[in-house]
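I opened this model to look up a few local features. My notes follow the order in which I checked them.

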Amino acid sequence: MGMPHEGASRVAIFGATSGIAKAVAKLYAERGGQLVLVGRDPIALADAADDLRVRGASKVCFHLADLADIEEAREAVEAALRALDGIDVALVAHGSLPDQQRAQSDAAYAASQIALNLTSPVVICEALAAGFQESKKGTIAVVTSVAGDRGRQSNYVYGAAKGGLQRYLEGLRHRLHASGVHVLDIRPGFVRTPMTAHLPRNGSLWVDADRVARDILAAVSSRRQVLYTPFFWRYILALVRALPRSVFHKTKL
Amino acid sequence: MSIEQVYSAWGRGRHASASHKAIAPRSVFDAIRAFSHQRRNVLAYGRGRSYGDVCLNPGGLLIDCSGLDRFVSFDRESGVLECEAGVSLGDILRVCCRSEPDGSAWFLPVTPGTRFVTVGGAVANDVHGKNHHGFGTFGRHILSFDLARSDGSLLTCSPDENPDLFAATIGGLGLTGLIVRVRLQLRRVPGTALQVRDDRFNSLSDFFALADDAQDDWEYTAAWIDCLAAGSRSGRGIFSRARHHPGGHAVPPPLLPRKSIPFTPPMSLVGGLSLRAFNALYWRKLGIRTTRTATASYEPFFYPLDAVGAWNRLYGPSGFHQFQCAVPTRTARDAVADMLKAISMAGEGSMLAVLKTFGALPSPGLLSFPMEGATLALDFPARGDTTHRLMRRLEEITRSAGGRIYPAKDSMMTAEAFAEGYPRLQEFLRQVDPATSSGFARRVDLLPAACESGAYGNAT
């Protein structure tokens, strides 16, 4: 059991079995939070719910949805708002890392990847924004990626979806500014999660999801708007963005 | 889907890292399914906190258990915890071991010197802690575990159910199957903070007298030995003892180290001058006093090295070797003295030499390491032949003293030393899962180098 906190947070997590989402859920559970988990694998969600209860969550429920389906995604938001009678923090964490080569030759695949990594989070955030605007508080936190900061030959379908999502969040933040709703754009670098399990992950830029989760909770409470995690990616990406095209095009990035 | 990636043990260097094919199951269900499809040459990998090749399987497959990190249940009345095998001890401390208002708490019954190990690894190596004289090994506190076997079965093992497999799996180095879930009995402590007392001692005889004196009233004991002290000073050190402070609260330590060594220096920073300086400073830790007492968190007492993440990088790209032996009471004093002499003659030093006594409580595992007597743990930067010669010498002393070497720390043990040190090996072999193997098992001839499916005994 975690330390019971005054007014423990009501947290909704979309894509709850993703590596980063799991680590964030753990930390909210330790703080005695109430959680609603949205995902599509019932066994994984039930296991996660048991885990979070042991870790101290005061309430855990889950909602089954395939977030690639726009209608199911929208309904999941309504279900989450109902389940906890309102939400203080929503984390939108689902996504996939597409195979760039395949996306170049398989149009349907490319379109489905854009749908999952851009369209689906947009639909969820719109539904959340409607709910949050009424209560005039809360945080919408969305996992984008450092890959969204500049299009690179090795990964630009993913980069385009995440970059589009960053731009979307920028606009949403503008819209919600007056209502006091906080919009957080989380840009992780290389994180050891199931999504990246097929990559060699020995380099010193790789970090565990626990580290990223810690940064996310800090950014939620300080109402930060864009979070690079770990911090050094902010500088790496500043450099990558600043490279003139003549130089950039010669790299293998 | 498997991928090729470098997996390392904590000793790093060529002796403790290799490229492996690996599968990283995301759930117990996935893990069981993945393991049941294997016919040969597979090993579970937790967090790579053993030092040599006991957690590695060069040329074979690893099942990376980092995704098996969920708690299943914790009963606050009885202290019974059920969790998946990849949960770390640090996680248990945070989740289950918080002081209640009166200071009392559930606590790990046994903890090794780092909290970043998995429960599965702690079972498979039957780890011990500074309270061995009162609590025995980690395995003594295991109520049961679920073990997947490559024939597709999932067996619950406890002292009553599949007892042979239970005894073989505790300390079984991952060679009896894949541990997926563990049920552990936590213990009740009156406070999570510790009363700690340090005493300087000048000889090994003084050490054994202190250990004798402390063992009834102090549940945790261990000593640091100044292994650079030669001649009449040989055997000097600092004896530390601790016990739970009733009503004392300690905040659970963080899941991640506070500071980290960010990269590997091109050569070892441990050795020569730094080693001398460290040991000289440590000897002066108590200033002019000969004894010191304090009440503090358990973190610096149990996990001093966990404060610095990736401290093993300080040894450079070649890494380091650990050596830990246990020797029986009757030969302990002389054997330890001989080892200290051998180290000093070799001109090598250990950054941290730790000496402690083991109590009489029997270990439940067929291959468990602790035996009643004393245990000495040392680390040496990997410097090729000189290091190898010294470690051979230490092995000889251990063998002639009737002792054994700890597989979890080992990277050099010979097959003869293993066979002599672990007399229940034949019994163990009957429980081996024919799909498993490891670098260690092949090196010490525990398993044949190239094993075909079903080539050796299978009891189930």
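I call a residue buried under 20% relative accessible area, exposed over 50%, and partly exposed in between, with a 1.4 Å probe and protein chains only. The model is predicted, so I note the ground rules: local features need pLDDT of at least 70, side-chain atom pairs count only at pLDDT 80 or more, and totals for chains, interfaces and linings use all residues. Residues are numbered from 1 along each chain as its sequence is written, chains are lettered from A and ligands numbered from 1 in the order in which they are written, and side-chain values use heavy atoms, without hydrogens and water.

**Entry: Ile13(A)**

I started with Ile13(A), which is buried with a relative accessible area of 0%. Ile13(A) belongs to strand S1 (residues 10–14) of chain A. For such elements I use DSSP runs, numbered from the N terminus: helices are H or I with at least four residues, strands are E with at least two. I also checked the spacing to Ser105(A): 92 residues in sequence, and 33 Å in space from C-alpha to C-alpha.

**Entry: a covered helix**

How many residues of helix H2 (residues 89–96) of chain B are buried? Eight of its eight residues are, and the helix is mostly covered. Among the buried residues of H2(B) I noted the charged-class names Asp91(B) and Arg94(B).

**Entry: aromatic rings**

I searched the whole structure and got 28 aromatic pairs over all chains. Rings of Phe, Tyr and Trp (its six-membered ring) pair if their centres lie within 6.5 Å; planes under 30 degrees apart are stacked, over 60 edge-to-face, and the rest tilted. One of the pairs is Tyr220(B) with Phe302(B), edge-to-face at 4.8 Å centre to centre and 70 degrees between the planes. This pair links distant parts of the chain, 82 residues apart: Tyr220(B) is in strand S13 (residues 220–225) of chain B and Phe302(B) in helix H8 (residues 299–302) of chain B. Tyr220(B) counts as buried at 2% relative accessibility. Phe302(B) counts as buried at 5%.

Next I looked at Trp311(B) and Tyr315(B). Their ring centres are 6.5 Å apart and their planes stand at 65 degrees, so this pair is edge-to-face. Trp311(B) and Tyr315(B) are both buried.

**Entry: charges over rings**

I count a charge as over a ring if NZ of Lys or CZ of Arg is within 6 Å of the ring centre and within 35 degrees of the ring normal. The charged end of Arg188(B) sits over the ring of Trp106(B), 5.0 Å from its centre. Arg200(B) lies over the face of Trp283(B), 4.9 Å from the ring centre.

**Entry: backbone checks**

The peptide bond from Thr229(A) to Pro230(A) is cis, with omega near -10 degrees. Pro230(A) is in the loop between strand S9 (226–229) and helix H8 (232–242) of chain A.

Asp126(B) has phi near 35 degrees. Asp126(B) lies in the loop between helix H3 (119–124) and helix H4 (132–135) of chain B, and is buried at 0% relative accessible area. Leu173(B) has a positive phi of about 60 degrees. Leu173(B) sits in the loop between helix H5 (163–169) and strand S10 (178–185) of chain B, and counts as buried at 7% relative accessibility.

**Entry: cysteines**

A disulfide is a covalent bond between the sulfur atoms of two cysteines. My cut-off is a pair of cysteine sulfur atoms within 2.5 Å. The search found zero disulfides over all chains. Cys157(B) is buried, with a relative accessible area of 0%. For Cys325(B), the closest cysteine sulfur is in Cys227(B) at 13 Å, again too far for a bond. Cys325(B) counts as buried at 1% relative accessibility.
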